[in-house]
Every structure is written in C-alpha cells, then in structure tokens.
Amino acid sequence: MRAIHQMTITDVDQSYSSEGWYSEAAATFGDRVAGAREALGLSQSDLAARIGVKLKTLRSWEDDLAEPRANKLQMLAGILNVSMSWLLTGEGDGLEAPSQDPGGSPQIAEILTEMRTLKLEIARNGEHLGRLEKKLRRAVEVTV
C-alpha cells in the first residue's frame, strides 16, 4: 500500500467511494450519529431530549469521547431511523453518502478532499501507533 502522503485526490475519493462515506474506515461512531441527526434536521439538544440524556452526554458521543449503553444505542438507532449495526460499523441500514457536489465551489471541494486525506492519515497513524505500543510492551516484558 502506498504511503498516505503519496495518495492523490482521486485515490482518496475512490477510497471513500469504495468503502463508503460512513464506513468504519472513513467515519467514526460520532460521525455517523451527527450525520444521521443532521439528516433529520435535529439539533443536539432535540436529540438529547428525545433520548433522555444530557446534552453533554450526546456531545461526548458525537465527539467520540464515549459511547452509549446498549439501551440508549437502541433508542438512538430508532430515533435516527438507522440500524444499530450502521451506527457502530457503517454497515447496514443507514444514510447514503452526502452529495458529491459541494455547492459548486472548487475551494470547498478542495477543502473536503484535504479533510478526507487527513482523516485517513490519522486513522492509519493511530493503527501504526497501536502496533508500536504492542511491540514496546513485548520488549519491556522480555527485558523484565
């Protein structure tokens, strides 16, 4: 696989097209919650009230700082009209990718593409960091 800094705009767009805008590789749980909420035209306050949680709690879900318990996840999926599987993994009944037409502005399209590239890079770096941490743990165990 090519390094992320060598990827072209077309490569990034194809990655999102083939895996899906809301796929596990392209979006987080919080991204999917926020996307589904916005697609219904709900504010964070409205959704929090419907689920019966504090606004701070919903924000922490959308910011990927926490995840709901199973009962709240089920309520969330029902209110947002998506499957629990889609919320967790991006697979199953959920939203379609947003329109690829960013309002006709080349500048907006360029910014969105750069954001997608950065998001993929962050995900890959996170995976790399996890592998390094495992190697370090093993190395420390061997020396102890």
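What percentage of the 144 residues of the protein chain count as buried? In this predicted model, local features need pLDDT of at least 70 and side-chain atom pairs count only at pLDDT 80 or more, whereas totals for chains, interfaces and linings use all residues. Residues are numbered from 1 along each chain as its sequence is written, and side-chain values use heavy atoms, with hydrogens and water left out. The buried share is 28%, where buried means under 20% relative accessible area, exposed over 50% and partly exposed in between (1.4 Å probe, protein chains only).

The protein chain contains seven helices and zero strands (DSSP runs of H or I with at least four residues, or of E with at least two, numbered from the N terminus). The largest nonpolar core comprises 17 residues, a core being a set of buried Ala, Val, Leu, Ile, Met, Phe, Trp, Tyr and Cys residues joined through side-chain atoms within 4.5 Å. Val33, Leu47, Leu76, Leu80 and Leu87 have the most contacts inside this core. Two or more residues each come from α2 (29–39), α3 (44–51), α4 (55–62), α5 (70–80) and α6 (84–89), and α5 gives the most, with four.

On the surface, Ile108, Ile111, Leu112 and Met115 form a nonpolar patch with about 340 Å² of accessible area together (Shrake-Rupley method, 1.4 Å probe; only the protein chains shown count as cover). Met115 lies in helix α7 and is exposed, at 52%. A patch of positive charge gathers Arg131, Lys134, Lys135, Arg137 and Arg138, with Lys and Arg counted as positive, Asp and Glu as negative, and His and the chain ends not counted; charges are placed at NZ of Lys, CZ of Arg, CG of Asp or CD of Glu. Lys135 belongs to α7 (residues 106–143) and counts as exposed because its relative accessibility is 55%.

Conventions
Patches are made of residues with over 30% relative accessible area and no salt bridge: like charges are joined within 9 Å, nonpolar side chains (Val, Leu, Ile, Met, Phe, Trp, Tyr) within 5 Å. A salt bridge is a side-chain nitrogen of Lys or Arg within 4 Å of a carboxyl oxygen of Asp or Glu.
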